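Welcome, and please open the structure in your viewer. We will go from one selection to the next and see what is there.

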Amino acid sequence: AGDWKLAIIEADSMLDGLLDKLGFKGDNLGEKLKSANQENFRDLSSAWEVHLIRNKIAHEGEQFGLSQHEAKRVIALYEQIFKDFGHI
């Protein structure tokens with residue numbers, strides 16, 4: 001489970017960097033997501049969902065239960081966001 005959690009944290013960091021390149025403003029990913037809307041960020045609700053899961057991983061660590069199925073679903077959501085922005 002640790003590898004999956006690490007992959008989610010890395011994907012979240014990649015998303016943060018992507019939003020920087022795209023010109024979203026904010027000191028952290030949460031602030032950048034707040035500056036976005038459905039018109040300029042089609043997958044905004046997915047981005048919030050995966051970012052909040054990443055925050056639980058970061059703050060709760062081992063206490064945060066994450067199944068392999070759920071981890072794969074979260075990674076797939078990050079991939080979809082990256083694809084929609086032409087990042088992968």
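Contact, on this tour, means heavy atoms within 4.5 Å. This is a predicted model, in which local features need pLDDT of at least 70 and side-chain atom pairs count only at pLDDT 80 or more, while totals for chains, interfaces and linings use all residues. Residues are numbered from 1 along each chain as its sequence is written, and side-chain values use heavy atoms, with hydrogens and water left out.

**Stop 1: helix H3**

Select residues 44–60, which form helix H3. Helices here are DSSP runs (H or I, at least four residues), as strands are (E, at least two), numbered from the N terminus. H3 has 17 residues and spans 24 Å from its first C-alpha to its last, close to the expected 24 Å at 1.5 Å a residue. That expected span is 1.5 Å times one less than the number of residues.

Now colour H3 by relative accessible area, where buried means under 20%, exposed over 50% and partly exposed in between (1.4 Å probe, protein chains only). Which residues of H3 are buried? They are Leu44, Ser46, Ala47, Val50, His51, Ile53, Asn55 and Ile57. An α-helix has 3.6 residues a turn, so residues three or four places apart point the same way.

What covers the buried residues of H3? The cover includes helix H1 (2–22), helix H2 (29–34) and helix H4 (68–84).

Before leaving, step to Gly61, which follows H3 and has a positive phi, near 55°. Then pick Lys56, which sits in H3 and is partly exposed at 42% relative accessibility. Not counting residues up to four places away in sequence, Lys56 touches Gly61 and Phe64. For a distance check, Lys56 and Ser13 are 43 residues apart in sequence, with 15 Å between their C-alpha atoms.

**Stop 2: H1 against H3**

Show H1 together with H3. Their axes are 10 Å apart and the packing angle is about 130°; axes are lines fitted to C-alpha atoms, for helices over the stretch in contact, and angles run from 0 to 180 degrees between N-to-C directions. H1 and H3 are therefore oblique to each other, given that angles under 35 degrees count as roughly parallel, over 145 as roughly antiparallel, 65 to 115 as roughly perpendicular and the rest as oblique.

The crossing of H1 and H3 is left-handed, a term for a near helix turned anticlockwise from the far one by less than a right angle (clockwise makes it right-handed). To see the contact, select Lys5, Ile8, Ile9, Asp12 and Leu15 in H1, with Ala47, Val50, His51, Arg54 and Ile57 in H3. Six of these contact residues are nonpolar, one is polar and three are charged. In this sorting, Ala, Val, Leu, Ile, Met, Phe, Trp, Tyr, Cys and Pro count as nonpolar, Asp, Glu, Lys and Arg as charged, and the others, Gly among them, as polar.

**Stop 3: H1 against H4**

Keep H1 and bring in H4. The two axes come within 10 Å and cross at roughly 15°, which means that H1 is roughly parallel to H4. The contact involves H1 residues including Trp4, Ala7, Met14 and Leu18, and H4 residues including Gln68, Lys72, Tyr78 and Phe82. By class, this contact has 13 nonpolar residues, one polar and two charged.

**Stop 4: H3 against H4**

The axes of H3 and H4 come within 10 Å, crossing at roughly 135°, so H3 is oblique to H4. Their crossing is left-handed. On the H3 side, select Ser46, Ala47, Glu49, Val50, His51, Ile53 and Arg54, which meet Glu70, Arg73, Val74, Leu77, Tyr78 and Ile81 of H4. Seven of the residues in this contact are nonpolar, two polar and four charged.

**Stop 5**

Select Lys32 in helix H2. Is Lys32 buried or exposed? Lys32 is buried, with a relative accessible area of 3%. Beyond its neighbours within four places in sequence, Lys32 is in contact with Asp16, Leu19, Asp20, Phe24, Lys25 and Gly26.

Move on to Ser35, in the loop between H2 and H3. Ser35 is partly exposed at 37% relative accessibility, and it touches Phe24, Lys25 and Asn40, not counting residues up to four places away in sequence.

Finish at Gln38, found in the loop between H2 and H3 and partly exposed at 48%. Leaving aside neighbours within four places in sequence, Gln38 is in contact with Leu44 and Ser45.
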